[in-house]
Amino acid sequence: MIEVRDIIKDFSSVKRQPGLMGSIKTLFSREYTHKRAVDHMSFSVDRGEVVGYIGPNGAGKSTTIKMMTGILVPTSGNIQVDGITPYEQRQKNAMNIGVVFGQRTQLWWDLPVRETFSILKEIYNVNDADYKKRMSFLGEVLELEPFLATPVRSLSLGQRMRADLAAAMIHNPKVLYLDEPTIGLDVVVKENVRQAIKQLNAEFNTTVILTTHDLSDIEELCKRIIIIDNGRKVYDGTLAEIKSRFGTMRRLELKVKNPYAFKAEPLRAKYGLSGDELSCEVVDGQLNIELDRNRIGIQEVINEVLAKTELVDMSLFETKIEEIIKKIYRNEVNME
Ligand SMILES: Nc1ncnc2c1ncn2[C@@H]1O[C@H](COP(=O)(O)OP(=O)(O)OP(=O)(O)O)[C@@H](O)[C@H]1O
Ligand SMILES: [Mg+2]
């Protein structure tokens with residue numbers, strides 16, 4: 001359904017000089033700074049897949065989505081969505097896709113929600129029977145009824161997001177691009193939106209590409225995730241794989257007399273461990289140790305601590321998936 005082949009996107013912008021003189025100089029300046037937002041990105045997505053496209057701020061997620069939707073043209077590389085090159089055949093592509101950018105609405109600000117939907121029906125040439133059927137389905141899963149007569153500008157954030165999702169689905173697109181569809185929503189509305197996405201995918205076999213900073217979105221919706229950092233792909237696989245691979249990670253939080261007495265290095269050397277298999281840091285006077293219990297026994301580590309200093313209190317946790325993903329973002333674990 002989607003083929004992304006070796007995409008690069010470079011942005012260039014005029015270099016800014018500091019200060020007032022600088023601003024004046026900037027007006028005449030021909031100096032540019034270049035930023036590679038997407039760097040040799042490739043992946044393909046099958047019909048009906050729900051893929052989480054995640055990464056830290058500025059990683060290049062939105063830029064990739066904008067190229068897939070045809071809003072931006074890649075600097076080099078090629079994209080095919082259902083056999084169409086989006087940025088070359090924008091009209092044709094638009095019939096195939098639905099887009100929600102959580103940060104801003106696609107709807108007409110002054111019109112009531114219902115009106116906006118009817119306009120979209122005309123734009124996309126949806127026949128009456130299909131429109132009726134789809135609106136009743138969308139109305140139900142997204143609970144649109146209470147605010148259909150409300151002008152878009154008066155909607156709450158959660159209502160607006162649901163209206164945006166419905167608007168993106170009116171023409172029953174094959175692909176749905178959702179860029180942070182749960183941003184700023186409370187837990188209840190978030191759950192509604194997730195359920196709606198799930199049902200849309202199940203009912204119409206819609207292919208969904210989703211970006212989010214909320215890992216619970218991913219846990220609930222996406223079998224597959226693509227993690228990107230600095231415009232590059234760092235992981236493409238299932239969340240389950242990440243879990244099973246890092247599921248033996250544990251976090252020891254120790255209150256000790258002298259938290260600086262313990263060092264990870266000697267134990268790493270002794271057992272031939274890498275930095276992601278054993279590490280420690282002192283936070284607020286507390287010694288936190290992360291370890292892979294497949295590689296070193298918890299007792300070994302505690303013995304080493306006891307040999308160095310006096311123990312006051314101790315807790316043991318499983319390393320949370322959020323923490324593991326953060327480590328992947330920060331390049332602290334080896335994904336090879
Ligand atoms: N129009 C533009 N001109 C210049 N630089 C841009 C432009 N759009 C994006 N960038 C830069 O490209 C990089 C990637 O931005 P992008 O919006 O794709 O990140 P993102 O992964 O969506 O981040 P976030 O999680 O914050 O939404 C950033 O460094 C950003 O500053
Ligand atoms: Mg973004």
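A residue counts as buried when its relative accessible area is under 20%. T309 has a relative accessible area of 10%, so T309 is buried. This is a predicted model. The protein chain holds 12 helices and 13 strands. Of its 336 residues, 48% are buried. The C-alpha trace spans about 75 × 55 × 40 Å along its principal axes.

**T309 and its contact**

- T309 sits in the loop between α11 (298-308) and β13 (311-318).
- The side chain of T309 reaches the backbone nitrogen of N258 at a distance of 3.0 Å.

**Ligand 1**

- The shell around ligand 1 has 13 residues. The closest are N57, G58, K61, T63 and H213.
- By class, four of the shell residues are nonpolar, six are polar and three are charged.
- β2 (32-45) and α2 (61-69) each give at least two residues to the shell. The largest share, three residues, comes from α2.
- An N or O atom in the side chain of T63 is 2.5 Å from an oxygen atom of ligand 1.
- For the side chain of K61, the distance from an N or O atom to an oxygen atom of the ligand is 2.7 Å.
- For the side chain of E180, the distance from an N or O atom to a ligand oxygen is 3.3 Å. Taken alone, ligand 1 exposes 640 Å², and the protein buries 64% of that.

**Salt bridges**

- Side chains of opposite charge can pair when their charged atoms come close.
- The count of salt bridges in this model comes to 26.
- R36 and D10 meet through their side chains in a salt bridge, at 2.7 Å from N to O. R36 lies in strand β2 and D10 in strand β1 (residues 2-14), so this pair ties together parts that are 26 residues apart in sequence.
- R36 is partly exposed, at 37% relative accessible area. D10 also counts as partly exposed, at 28% relative accessibility.
- K233 and D236 form a salt bridge through their side chains, at 3.7 Å from N to O. K233 is partly exposed, with a relative accessible area of 36%. D236 counts as partly exposed at 32% relative accessibility.
- E277 pairs with R295 in a salt bridge, and their closest N and O atoms are 2.9 Å apart. This pair links distant parts of the chain, 18 residues apart. E277 is in the loop between α10 (264-271) and β11, and R295 is in the loop between β12 and α11.
- E277 is buried because its relative accessible area is 16%. R295 is partly exposed, with a relative accessible area of 37%.
- Salt bridges with shared partners join K190, E191, R194, K198, D214, D217 and E220 into one network.

**Surface patch**

- L20, M21, I24, L27 and F28 form a nonpolar patch on the surface. Together they have about 640 Å² of accessible area.
- F28 belongs to helix α1 (residues 19-28). The relative accessibility of F28 is 67%, so F28 counts as exposed.

**Loops and backbone**

- Most residues other than glycine have a negative phi.
- D82 is not a glycine, although its phi is positive, at about 55°. D82 lies in the loop between β4 (76-81) and α3 (90-96). D82 counts as partly exposed, at 31% relative accessibility.
- D284 has a positive phi too, near 50°, and is a residue other than glycine. D284 is placed in the loop between β11 (278-283) and β12 (286-292). D284 counts as exposed because its relative accessibility is 81%.
- N127 is found in the loop between α4 (113-123) and α5 (128-142). N127 counts as partly exposed, at 42% relative accessibility.
- A polar atom of the N127 side chain lies 2.8 Å from the backbone nitrogen of D130.
- N127 and H171 are 44 residues apart along the chain, and their C-alpha atoms are separated by 9.5 Å.

Definitions and conventions: Residues are numbered from 1 along each chain as its sequence is written. Chains are lettered from A and ligands numbered from 1 in the order in which they are written. This is a predicted model: local features need pLDDT of at least 70, side-chain atom pairs count only at pLDDT 80 or more; totals for chains, interfaces and linings use all residues. Side-chain values use heavy atoms; hydrogens and water are left out. Patches are made of residues with over 30% relative accessible area and no salt bridge: like charges are joined within 9 Å, nonpolar side chains (Val, Leu, Ile, Met, Phe, Trp, Tyr) within 5 Å. Accessible areas come from the Shrake-Rupley method with a 1.4 Å probe; for residues, only the protein chains shown count as cover. A salt bridge is a side-chain nitrogen of Lys or Arg within 4 Å of a carboxyl oxygen of Asp or Glu. Helices (H or I, at least four residues) and strands (E, at least two) are DSSP runs, numbered from the N terminus. Buried means under 20% relative accessible area, exposed over 50%, partly exposed in between (1.4 Å probe, protein chains only). A residue is near a molecule or strand if one of its heavy atoms lies within 4 Å of it. A polar contact is a pair of N or O atoms within 3.5 Å; within protein, one must be able to donate a hydrogen and the other to accept it, and residues adjacent in sequence count only if both atoms are side-chain atoms. Ala, Val, Leu, Ile, Met, Phe, Trp, Tyr, Cys and Pro count as nonpolar, Asp, Glu, Lys and Arg as charged, and the others, Gly among them, as polar.
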